[in-house]
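Here is my note on the structure, point by point. Please keep the model open while you read.

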Amino acid sequence: MQYDNLHELISSSSGTRKYFLSLPFKIQTQLYEHNNYIHSSADLRLRLTQIEKYNRSVIVSESLNENFLN
């Protein structure tokens with residue numbers, strides 16, 4: 001089922017709400033930054049995967065930068 005945004009999705013679907021609330025707060029916040037682009041639980045999981053990949057790449061980049069500067 002499609003919803004207008006993430007807020008409507010987690011307000012209307014108890015399963016998705018439970019899943020969303022099981023995520024770390026930082027991830028929840030990042031997902032809410034994409035509120036208008038999440039219309040289904042599939043969108044939520046896809047966006048979560050993208051955010052996790054982004055967060056990992058930032059960690060790697062920061063690590064490489066620290067090693068380079070030291």
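1. Leucine 44 lies in helix 4. Helices here are DSSP runs of H or I with at least four residues, strands are E runs of at least two, and both are numbered from the N terminus. Leucine 44 is buried, at a relative accessible area of 1%. Buried means under 20% relative accessible area, exposed means over 50%, and partly exposed is in between, with a 1.4 Å probe and protein chains only. Leucine 44 touches Leu6, Leu9, Thr16, Tyr19, Phe20, Leu31 and Ile38, leaving out residues up to four places away in sequence. A contact is a pair of heavy atoms within 4.5 Å. Threonine 16 is 28 residues from leucine 44 along the chain, and their C-alpha atoms are separated by 8.8 Å.

2. A word on the source. This is a predicted model, in which local features need pLDDT of at least 70 and side-chain atom pairs count only at pLDDT 80 or more, while totals for chains, interfaces and linings use all residues. Residues are numbered from 1 along each chain as its sequence is written, and side-chain values use heavy atoms, with hydrogens and water left out.

3. Which residues make up the largest nonpolar core? It has 12 residues: Tyr3, Leu6, Leu9, Ile10, Phe20, Leu23, Ile27, Leu31, Ile38, Leu44, Leu48 and Ile51. Helix 1 (6-12), helix 3 (25-32) and helix 4 (41-69) each supply at least two residues of this core. A nonpolar core is a set of buried Ala, Val, Leu, Ile, Met, Phe, Trp, Tyr and Cys residues joined through side-chain atoms within 4.5 Å. In soluble globular proteins, nonpolar side chains tend to be buried together. Leucine 48 is one of the core residues. Leucine 48 touches Tyr19, Leu23, Ile27 and Leu31, again not counting residues up to four places away in sequence.

4. Now the rings. The count comes to 1 aromatic pair. Rings of Phe, Tyr and Trp (its six-membered ring) pair if their centres lie within 6.5 Å; planes under 30 degrees apart count as stacked, over 60 as edge-to-face and the rest as tilted. Phenylalanine 20 and tyrosine 32 have ring centres 5.8 Å apart and planes at 85°, so the pair is edge-to-face. Phenylalanine 20 is in helix 2 (residues 14-22) and tyrosine 32 in helix 3, so the pair ties together parts that are 12 residues apart in sequence. Phenylalanine 20 is buried, with a relative accessible area of 3%. Tyrosine 32 is partly exposed, at 34%.

5. Look also at tyrosine 19. The charged end of arginine 45 sits over the tyrosine 19 ring, 4.1 Å from its centre. The rule asks for NZ of Lys or CZ of Arg within 6 Å of the ring centre and within 35 degrees of the ring normal.

6. Asparagine 5 is in the segment before helix 1. Is asparagine 5 buried or exposed? Its relative accessible area is 17%, so asparagine 5 is buried. The side chain of asparagine 5 reaches the backbone nitrogen of glutamate 8 at 2.8 Å. A polar contact is a pair of N or O atoms within 3.5 Å; within protein, one must be able to donate a hydrogen and the other to accept it, and residues adjacent in sequence count only if both atoms are side-chain atoms. Asparagine 5 also touches Asn35, Asn36, Ile38 and His39, not counting residues up to four places away in sequence.

7. Glutamine 28 lies in helix 3. Glutamine 28 counts as buried, at 12% relative accessibility. A polar atom of its side chain lies 3.4 Å from the backbone oxygen of leucine 21. Glutamine 28 is in contact with Phe20, Leu21 and Leu23, leaving aside neighbours within four places in sequence.

8. Arginine 17 lies in helix 2. Arginine 17 counts as partly exposed, at 31% relative accessibility. The side chain of arginine 17 reaches the backbone oxygen of isoleucine 10 at 2.6 Å.

9. Last, the whole chain. The protein chain has 4 helices and 0 strands. Of its 70 residues, 29% count as buried. The C-alpha trace spans about 50 × 20 × 15 Å along its principal axes.
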